[in-house]
Amino acid sequence: MYVNSSPAQFENLSFNKDINSEDLQLDQELMELPALTRPSLPASSVDNGIHLSPRPTSLAMQKSEELQKTLLGHRNERHLVILQDFPDPDALSCAWAYQLISQQYDIKCEIVYAGTLSHQENIALVKLTNLPAQRWTMQSLKSKDLSCYHGFVLIDNQGTTSQLLSAVQSYGVPLLVLVDHHSIQTEMKSEFTDIRPHVRATATIFTQYLQAGLLSLDSSINQHIKCATALMHGLRSDTNRLMQAQEEDFMAAAYLSKFYDAQLLNAILQANRSKRVMDVIERSLKNRIVQNNFSIAGVGYLRYDDRDAIPQAADFLVTEENVHTAVVYGIVHDEDDELEIVIGSLRTTKLTLDPDEFIKEAFGQDSAGRFFGGGRTGAGGFEIPMGFLSGGNENSAYAKMKWEVFDAQVKQKLLKLVNPKDNPIQS
């Protein structure tokens, strides 16, 4: 039986405008409520007895209770959920789960990202489930009044991969919630923080929130079925089809299996690659160099909408014989904002290689102390703004020269770690 301490139990709460008395009132009401309880998963017969499947860990229960208290203290507010510029299934699904949880507390959430959806599976996920995510470009942001938001939320990122962060912070909008499974990238002060690098997917963390009772999924509600399907896709995606999953991830998948739509998930996974993505993969094959079982490939200039071809090329290169790690990178050009970024992806099957440490050591930090990239088990990525050198590509000779410089620089930084004896820049 699921015990869900739903916001309906708080309807008679009265909050004083005095801050101290408000906190005391909130604590008093919370103490009078039944605590979030661990839901009993289906029992199975073992040794003539009853064995209950593993439940959310004590840390998961503790964080669920903390998040419940945070949401209760922000009822009737409006929040902005900020995703990385190029959100993946893990980020998209968790943002949707957060939105549904927040609705229980009369909190309105808008899910936004500044980049684009270019991976065919991400596009299919949003279209087939009607996932409520919006693209806010830096140009459109200028016409928006951000003062109407009481706080913002970071999910599956820590602000280092979003162009929107600085604009939102400039309006004085506070960070209320931060939930991520990547290693700590930067110091961010948040009212509620749940960063668990040992968990393979943020979808696992949010599924544990659901299991703890923050939202009781109902298989008769279409929106719940689609959100469960999105979470299953996010969990599957970030655990390499569950091949890198741990116990918590498997238990989260087991819980979601009671609600998700297998046919809908299959339709999302069957989305075809575009010709442009295939062209980038072909370019990566042509340009790759292989040293010490590392495959490194620069793919030149890409349109902003084709950015997700880079990780797909890395996924392909790492399958080559005698290759355990692949790094693919290119210059992504956003014509709308005249912005250029060096974007790269790393994929590895080597258990002793930590993508987060490797990328941070290779590319370091910016002047504000933020790392240019990071990672998780088996995968990582980096984004390096080109700043003053952006644009000017109308002159093909100049564009070629600029690419050759960045290509050599990225290779040099990678090869210093892969094979310190090699140096692509000859003196």
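A residue counts as buried under 20% relative accessible area, as exposed over 50%, and as partly exposed in between, with a 1.4 Å probe and protein chains only. Helices (H or I, at least four residues) and strands (E, at least two) are DSSP runs numbered from the N terminus. Strand E14 covers residues 379-385, and five of its seven residues are buried, so the strand is largely enclosed by the rest of the structure.

The model is predicted: local features need pLDDT of at least 70, side-chain atom pairs count only at pLDDT 80 or more, and totals for chains, interfaces and linings use all residues. Residues are numbered from 1 along each chain as its sequence is written, and side-chain values use heavy atoms, with hydrogens and water left out.

## Strand pairing

Two strands are taken as paired if DSSP finds at least two bridges between them. Strand E12 (residues 339-348) pairs with E14 in the antiparallel sense, over seven bridges. Within this pairing, isoleucine 343 has glutamate 383 of E14 as its bridge partner.

Strand E13 (residues 373-376) also runs antiparallel to E14, joined to it by four bridges. Glycine 374 stands opposite glycine 381 in E14. The hairpin of E13 and E14 has two residues between the strands, and glycine 378 there takes a positive phi near 85°.

## Salt bridges

A salt bridge here is a side-chain nitrogen of Lys or Arg within 4 Å of a carboxyl oxygen of Asp or Glu. The count by this rule is 15. One of them joins arginine 307 to glutamate 383, with the closest N and O atoms 3.7 Å apart. Arginine 307 lies in the loop between strand E10 (294-303) and helix H12 (309-317), while glutamate 383 belongs to strand E14, so the pair ties together parts that are 76 residues apart in sequence. Arginine 307 and glutamate 383 are both buried.

Lysine 402 and glutamate 340 form another salt bridge, at 2.8 Å from N to O. Lysine 402 is in helix H14 (residues 396-418) and glutamate 340 in strand E12, so this pair ties together parts that are 62 residues apart in sequence. Lysine 402 and glutamate 340 are also both buried. Within helix H14, aspartate 407 and lysine 411 lie four residues apart, about one turn of the helix. Their side chains meet in a salt bridge of 2.7 Å, N to O, and both residues are buried. Elsewhere, Arg276, Arg303 and Asp306 are linked in a network of salt bridges.

## Packing of H4 and H10

Helix axes are lines fitted to C-alpha atoms over the stretch in contact, with angles from 0 to 180 degrees between N-to-C directions. The axes of helix H4 (residues 120-129) and helix H10 (residues 262-269) come within 8 Å and cross at roughly 145°. In contact (heavy atoms within 4.5 Å) are Glu121, Ala124, Leu125, Leu128 and Thr129 of H4 with Leu264, Ala267, Ile268 and Leu269 of H10.

## Whole protein

The secondary structure comprises 14 helices and 14 strands. Of the 427 residues, 53% are buried. Among contacts between residues at least 6 apart in sequence, 69% join residues at least 24 apart. The protein exposes about 19700 Å², of which carbon and sulfur atoms supply 49%; accessible areas come from the Shrake-Rupley method with a 1.4 Å probe, and for residues only the protein chains shown count as cover.
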